[in-house]
4 protein chains.
Amino acid sequence: MIDKTTIAAANETAESALRAEYDALGEALDRRGIDIGAVKDKVSAYGIAIPSWGVGTGGTRFARFPGTGEPAGIFDKLDDCGLIHQLTGATPRVSLHVPWDDADPADLIAKAEETGLGFDAMNSNTFQDQPDQPLSYKFGSLSHTKAEVRQQAIEHNLYCIELGRQIGSKALTIWVGDGSNFPGQSNFTKQFERYLASARDIYAGLPEDWRLFTEHKIFEPAFYSTVVQDWGTNYLIARELGERAYCLVDLGHHAPNVNIEMIVARLIQFGKLGGFHFNDSKYGDDDLDTGAIDPYRLFLVFNELVDAAGTPGFDPAHMLDQSHNVTDPIESLMNSAMEVQRAYAQALLVNRTALAGFQEENDAMMASETLKRAFRTDVTPILAMARLEKGAAIDPLAAYRHSGYRAKVTEERPASGAGGGGIV
Amino acid sequence: MIDKTTIAAANETAESALRAEYDALGEALDRRGIDIGAVKDKVSAYGIAIPSWGVGTGGTRFARFPGTGEPAGIFDKLDDCGLIHQLTGATPRVSLHVPWDDADPADLIAKAEETGLGFDAMNSNTFQDQPDQPLSYKFGSLSHTKAEVRQQAIEHNLYCIELGRQIGSKALTIWVGDGSNFPGQSNFTKQFERYLASARDIYAGLPEDWRLFTEHKIFEPAFYSTVVQDWGTNYLIARELGERAYCLVDLGHHAPNVNIEMIVARLIQFGKLGGFHFNDSKYGDDDLDTGAIDPYRLFLVFNELVDAAGTPGFDPAHMLDQSHNVTDPIESLMNSAMEVQRAYAQALLVNRTALAGFQEENDAMMASETLKRAFRTDVTPILAMARLEKGAAIDPLAAYRHSGYRAKVTEERPASGAGGGGIV
Amino acid sequence: MIDKTTIAAANETAESALRAEYDALGEALDRRGIDIGAVKDKVSAYGIAIPSWGVGTGGTRFARFPGTGEPAGIFDKLDDCGLIHQLTGATPRVSLHVPWDDADPADLIAKAEETGLGFDAMNSNTFQDQPDQPLSYKFGSLSHTKAEVRQQAIEHNLYCIELGRQIGSKALTIWVGDGSNFPGQSNFTKQFERYLASARDIYAGLPEDWRLFTEHKIFEPAFYSTVVQDWGTNYLIARELGERAYCLVDLGHHAPNVNIEMIVARLIQFGKLGGFHFNDSKYGDDDLDTGAIDPYRLFLVFNELVDAAGTPGFDPAHMLDQSHNVTDPIESLMNSAMEVQRAYAQALLVNRTALAGFQEENDAMMASETLKRAFRTDVTPILAMARLEKGAAIDPLAAYRHSGYRAKVTEERPASGAGGGGIV
Amino acid sequence: MIDKTTIAAANETAESALRAEYDALGEALDRRGIDIGAVKDKVSAYGIAIPSWGVGTGGTRFARFPGTGEPAGIFDKLDDCGLIHQLTGATPRVSLHVPWDDADPADLIAKAEETGLGFDAMNSNTFQDQPDQPLSYKFGSLSHTKAEVRQQAIEHNLYCIELGRQIGSKALTIWVGDGSNFPGQSNFTKQFERYLASARDIYAGLPEDWRLFTEHKIFEPAFYSTVVQDWGTNYLIARELGERAYCLVDLGHHAPNVNIEMIVARLIQFGKLGGFHFNDSKYGDDDLDTGAIDPYRLFLVFNELVDAAGTPGFDPAHMLDQSHNVTDPIESLMNSAMEVQRAYAQALLVNRTALAGFQEENDAMMASETLKRAFRTDVTPILAMARLEKGAAIDPLAAYRHSGYRAKVTEERPASGAGGGGIV
């Protein structure tokens, strides 16, 4: 963590310009009938989870180019996550991935308290083989043709629940790589029946106050079919399992051209939106930084979320899920958390009464302009003021670079190799 | 129609070569444990519906280049469809599109009998405005924001049911163009609620022995969102409406790269596959001739259908739905009907016991090869023999060209204009 | 046109808020070292051409839903275009499409003077058949297998040049629909050789001070292959023809996921970027309003243009090319012209010295942020101030709606039919 | 290698059925005016290169699930490749990847002679960092902003040439991962200028009788832009470098929906088709087995190749490039080599005189059918007879499984780990 006075000193320099821009924006919003303080308060209360694995450098099947000072284990990772939250005030929780982050629950809790963090959803892993694992997931896990492999995968998920229970998590996200690489390799129907049966066994072990999340993905690591290929299948899973089963949406897991915000709306309408894995993508599951490629799409997703806010039981989980191949992961995560906040703030500016009227009258031009007007508003001062007020950094990136944190951990932590996987 | 003796004469010339190739194939299949006669009988019993509008030349938003001798109305269309069935023996039913094909039921029945045809599903049209129509569908039909427009669209569908009831149809396919062209133009959730409410009103008017079909499509004519954008939404509609509501799959209505055969499997698994609009596509809803672009994909769809055959209640409707912009529509429809038969015959050759074994053992190579071996088999002699035995043409294309039918109707029918729409 | 005092009155109401926001933005930009006045002057000098056909309501192959008061011919269209320029000050030229806009050159010049407009590139049409046309383009035009069809298409293009020459145009844009719908239908190589030979004949008739533009498109109206399918082929055409031949880029004419701004950069680098047909798209050649779907992509294109500004000989043509199916075309064109200006203004704000430094040091995070910071800036006050200063409307949409222009022309002009094509 | 008598014994069992099917096919082809022996001879003379890395199990960024008996180095790999050629008679050459396959040239030559193989193109690797490498390729290699990194990458390529020269290779294929993950990260133009300058330095070191191959790819490992993103850029590289520079086409490296066979035709037309990396794909660079997903597309590519055969200087290189994640790599490579032969044999059956006539007359239906007729022909007996006659296996897959080779090498070779990369 960084010394608070360092942050305060940096903020002092930037504060007067911020106040000038915040006031100017406040006046402009006031002319539009919007109270900037109310928007700021909502932004301030917003938090997004960091995936523990996100603070390591990612890679591709071709190579991984590690950075310096990479976290060597979950406790290093929690240090990095704590810093991100300290500087942005926007990332209060960390999501663990088992077995990578497996550790003594007491130690995890202690470290979380030390770093000012809580624990988000637990993530299971049956898409890789672990060194001491009796049976291989090469041909699937929860949907494998062999009962013993499925059982091993089920038990791993139950183990994740138990660990999560002890550290205060309230959700399990199931990760699988099941699918096929050849037409004919798998019988689609039997494979899905096996998946459902396994998922039911996991669901049966879910504590009453937990939620179960499943995620759809069109391809990768399987390249002809995946067992949860799209939101249609994902919805069927959630419906088959029960009322505590929900669907996750990862922005990079869809076919080209697909209207993702509409999928979000459908899942909300049918009570099955569990949450998000935020990132951005241009081609596939590129896992680029959120908002880096198509910030308007991100805004349109938040437009649906703000529209649904207040619906009873509507409480989607928000997490970043990115692969940082060419940037310092801490920088990317800070920036992405702020991009998510930005989209949220912009969506809060939409004049929903006017929008509903234009929609009712089929005034497509004014409806479109109503969204665009909110999107065009540069809400940077609102985000920065929310940070300033909670003691975080006006400019987290600058404060981080100035802090020397990366140099420090580079000295303290062992170098990581070019192998080691580029998995996110 | 063509004189039967003309067909017989053409067949006589081709018969000996056919018998030689049929016998050689029979021997080869026998070595694989397959009875060629049993395959031929199934192919012979198979029939696919022709859409009435398919016998006219299609077009694009850029232009329509009419052919000669285009059918001027439903009775001309039935003549053309009758000929297609006469030559191929594979297209026993015609699917009508209202209001284009609206006519006195008695006349329709009489003409159908004359041409040896039956009536397949009725198709409604609320994606266009008709000259005498009080309210416009410019901003939607079943999901329009105004109740009176929705009511008009509902009543049109009920009218289609009533007409269909009188001529012996047993299904209604709902066609809409509802969607939006701008983010914000429509509230996704309210729009879908309105769609569902309207569809329920139509479903309430469905005779007990009818089925209701809805079709998903990712885009066109709407270019930002469509109200039934994918199979997930389509499934929800069918489930919400009731047990006689089913989903249609059009091969050209999906996002790029999507695994269509898997969608077919999912809809079968959850009891909601209603049937198909067959065509082929490379880019979007290209409505090209079935099997012209990716014949293996067509085979993989039929692989699912043959796999599910015999499941109680499994009875999908098969129809061609193509836009013939550069070919004689009669030729394209004949050829496409035969391509569908080809895929069906190939799928019948799959050794399903062996396949199931390879799947169970995760022998991806042999599973793939099991499908490929069936697909590679040139089943042309089986299809031709099935035609020969029912008095249809061994080579329908050659027989048609030789018949002079197009020249004859070109003399009899008025020329059609370059306008008139390119709608399929 | 609208009375100037009406515009002035509307501006008077909005002026003080505009000045407050312009000043606040000026101060913020000043802190970033940017002179707002210099940006405003560049925006003010920027103009984009309107396609004559854009002021009519577009459609799809499924239907066209006309608006009211649609222009009945080129002179009505010029009235509409004149109004757009009057209100936005951003659209000084109109691009004609022959034969739709064919008229006496003297009349065209007189009307242009009356409406305050000039003439941009001429657009030929060999993708449709005209009523009195001897030979059909059903199977192609410039690449048709028959020499006489190619000759007819060449002569049409030469006619367009001659008409353009008389009215002061300086460029020809070739429009074709050539391609194929079936594998095998066309020999790719021979077809392209014929296209090149025809294009050379047109190029030979080009006046010395003219440019020839060709445009690539992946599909539609042909659905298996198009003769100028991508920028690679488009570049080869321009290189084969000569130094006055250039490539147009239409944002909706690419395969899914393609990086369009990179294509723009490549064409600039090799001296062949001719210009743009601006619009937006989500699926195919959707021809939606510019910036409606992905405004960041539009900004990234302008980032390349601003980066290349000043390169000798670099002078791309800018035109809107949209299909307005659900909006008042005048509103869409005004708004789209402003969206293009917006992207230009944002691109002018990029700190290119800093960006070059970040690129050199592979600081991906700061390079990305440098672009995002410019994009996030709400430049609306700059655009509005530029309009105010030239006597155009601060809020063109509001001024237009208030003017009653649409109601007036609805009374004066005959209603147009639902047919008539939806071609853009 | 397998004992020849084992193969002979397996062939003996299968020979009579093969002869029956070969003769029946011969008669059927004779009726179409085709000499089966001539086709068989061309197939027999055809060979495709195996990539050395293809005999190892591939993986994804998520995991690699190794098989048993994986080759531990280039000499093991050559053993596996030799077996593939022994059984299929279709893969006479191996393509080496440096530094993975770096070894003493004399040893390589000796091993090649022992295994009956020759050496195809050399493949350089600047997309990974090697343990002892002074400078990192994290931010690019040939296009890196720093001259010293570019120089290191150039020298590596020159080293590959020198090694290749000593073992009889005649071509270098450049492999890079250069691109960017964020808009703004790289200046497209400067990056490409650097790439071209580096490539010129490599080209300058190319022996007179060598060819230089570059390959385009739309994405991965870079996810916003790649420096050789498509064939347009690839063509520009080949043209800029000189007459011995050519373009490679990998079937999985294109945007969705792109017409690859047309790209092949364009590169042939402009004299720059260097060759292929064969595989199949459904979503991205899936590197699935050739022909596994869309065999008709593969046929259409070979249709272009057969059409161009005989053109002076036309001599494309053929290589498989696949990632075998769920199959035994030896099986996949054997099968894929046969699939390529299959497409070649089918393309040889196209009646090109008839096709040219249908194209000239715009008879799209018959042109399409001419291709489909060739594609539908089950040429399996031709391929098998060609193998039988050269002492290879009638059924390579069965012979391989029967041979016990995998079990044998599993005993002899050390187990490989789950890490190690999944790179192809």
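Colleague: Through which surface do the copies, chain D and chain A, meet?

Modeller: They meet through the same surface, because 100% of the interface residues of chain D are also interface residues in chain A. Contact means heavy atoms within 4.5 Å, and on that basis 47 residues of chain D touch 47 residues of chain A. This is a predicted model, in which local features need pLDDT of at least 70, side-chain atom pairs count only at pLDDT 80 or more, and totals for chains, interfaces and linings use all residues; side-chain values use heavy atoms, with hydrogens and water left out. Residues are numbered from 1 along each chain as its sequence is written, while chains are lettered from A and ligands numbered from 1 in the order in which they are written.

Colleague: What rotation superposes chain D on chain A?

Modeller: Copies are superposed by least squares on the C-alpha atoms of residues with pLDDT of at least 70 in both. Here the rotation is 180 degrees, with 0.0 Å of shift along its axis and an RMSD of 0.0 Å. That is the relation of a two-fold axis. Within chain D, the residue that comes closest to the axis is D:Arg61, its C-alpha lying at 2.1 Å.

Colleague: How many salt bridges cross the interface of chain D and chain A?

Modeller: A salt bridge is a side-chain nitrogen of Lys or Arg within 4 Å of a carboxyl oxygen of Asp or Glu. The rule finds six across this interface. A:Arg61 and D:Asp287 form a salt bridge, at 3.0 Å from N to O. As for buried area, it is the accessible area (1.4 Å probe) that two parts lose on being put together, summed over both. Chain D and chain A bury about 4100 Å², 65% of it on carbon and sulfur atoms.

Colleague: In what order do the strands of the open sheet of chain C stand?

Modeller: Strands of a sheet pair through backbone hydrogen bonds, either parallel or antiparallel. Helices (H or I, at least four residues) and strands (E, at least two) are DSSP runs, numbered from the N terminus; two strands pair if DSSP finds at least two bridges between them. In chain C, eight strands with parallel pairing follow the order β1-β2-β3-β4-β6-β8-β9-β10. Strands β1 (50–51) and β10 (317–320) of chain C are at the edges with a single partner strand each, so one side of each has no neighbour in the sheet. Two bridges join β1(C) to β2 (residues 93–97) of chain C in the parallel sense, and C:Ile50 has C:Val94 as its bridge partner in β2(C).

Colleague: Which strands of chain C does helix α10 lie across?

Modeller: Axes are lines fitted to C-alpha atoms, for helices over the stretch in contact, and angles run from 0 to 180 degrees between N-to-C directions. Helix α10 (residues 329–348) of chain C lies across β1, β9 and β10, at about 145 degrees to β10(C). Helix α8 (residues 260–269) of chain C lies across β8 (245–250) and β9 (273–278), at about 155 degrees to β9(C).

Colleague: Where is the cis peptide bond of chain A?

Modeller: Most residues other than glycine have a negative phi, and most peptide bonds are trans. The cis bond runs from A:Glu220 to A:Pro221, with omega near 10 degrees; A:Pro221 sits in the loop between β6 (211–215) and β7 (225–226) of chain A. In chain B, a cis bond links B:Val98 to B:Pro99, with omega about 15 degrees. B:Asp287, which is not a glycine, has a positive phi of about 55 degrees and lies in the loop between β10 and α9 (295–308) of chain B.
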